[in-house]
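Welcome, and please open your viewer. We will take this tour one selection at a time.

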Amino acid sequence: DRGRVNTPTTNQFVGLENPCRQGKCEKFTGTLNEAETARYPPSGSIFVKHSVLEGFLVGPASADFDLELFKWDPKSKNWLRETASTAFNSNEVIFYPAMEGEYSWAISAASGSGEYTFWSTSGCGDSVDCARNDNSSGVALHSSAFVLVLCSLVSLLFT
């Protein structure tokens, strides 16, 4: 795993509209039962040229929810796990220096159930160079970013 995985010890992101360091996050909420998985974006994936993807998950204190980032492998025609945050609680954080490709987030309930909140820069906000691929309608929404700023963020994250 090339990504930095951090596990918050408290629900420090609850109530925040934008916990992402590099720009505007998209915020999603949902409910999972034990052994269920939710994918984000819900109906597709995101194409990223080069960016730091950020994912923040806050779930119920009585459950163990995990956060994973997958990348599409056109050779094997499968989604391959790039990195994961799998602490024994429901608060997970991932910062991932993504190379060009198609990505998707997964939230899984390893044990327990309940409501969660998930924020991600991979929703094609202002500072992520990507396109969201909506598999249900074939629509791609494009957004550009300054590569220099993203490279600076990557270097800050890993120094």
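Predicted model: local features only at pLDDT ≥ 70, side-chain atom pairs only at ≥ 80, totals over all residues.

Is Ser85 buried or exposed? Its relative accessibility is 1%, and buried means under 20%, so Ser85 counts as buried. The side chains of Ser85 and Glu92 make a polar contact of 2.4 Å.

**Step back to the whole chain**

Zoom out and colour by secondary structure. The protein chain has 12 strands and 1 helix. Starting at the N terminus, the elements run β-β-β-β-β-β-β-β-β-β-β-β-α. Of the 159 residues in the chain, 48% count as buried.

**On to the aromatic rings**

A pair of aromatic rings is described by the distance of the centres and the angle of the planes. With ring centres within 6.5 Å as the cut-off, the count comes to 9 aromatic pairs. Select Trp72 and Trp79, one of these pairs: their centres are 5.4 Å apart and their planes make an angle of 65 degrees, an edge-to-face arrangement. Trp72 is partly exposed, at 28% relative accessible area. Trp79 also counts as partly exposed, with a value of 29%.

Next, select Trp105 and Phe118. Their ring centres are 5.6 Å apart and their planes stand at 65 degrees, so this pair is edge-to-face. Which strands does the pair link? Trp105 lies in strand S9 (residues 101-111) and Phe118 in strand S10 (residues 114-120), with the two residues 13 apart. Both Trp105 and Phe118 are buried.

Together, Phe28, Tyr40, Phe65, Trp105, Tyr116 and Phe118 form one aromatic cluster.

**Last stop: a charge over two rings**

Which rings does the charged end of Arg39 sit over? Select Arg39 with Phe70 and Trp79. The charged end of Arg39 sits over the ring of Phe70, 4.7 Å from the ring centre. The charged end of Arg39 also sits over the ring of Trp79, at 5.8 Å from that centre.

Terms used
Residues numbered from 1 in each chain as written. Heavy atoms only, no water. Phe/Tyr/Trp six-rings, centres within 6.5 Å; stacked < 30°, edge-to-face > 60°. Buried < 20%, exposed > 50% of the residue type's maximum accessible area, 1.4 Å probe, protein only. Helix = DSSP H or I, 4+ residues; strand = E, 2+ residues; numbered from the N terminus. Lys NZ or Arg CZ within 6 Å of the ring centre and 35° of its normal. Polar contact = N/O pair within 3.5 Å; in protein donor to acceptor, adjacent residues only side chain to side chain.
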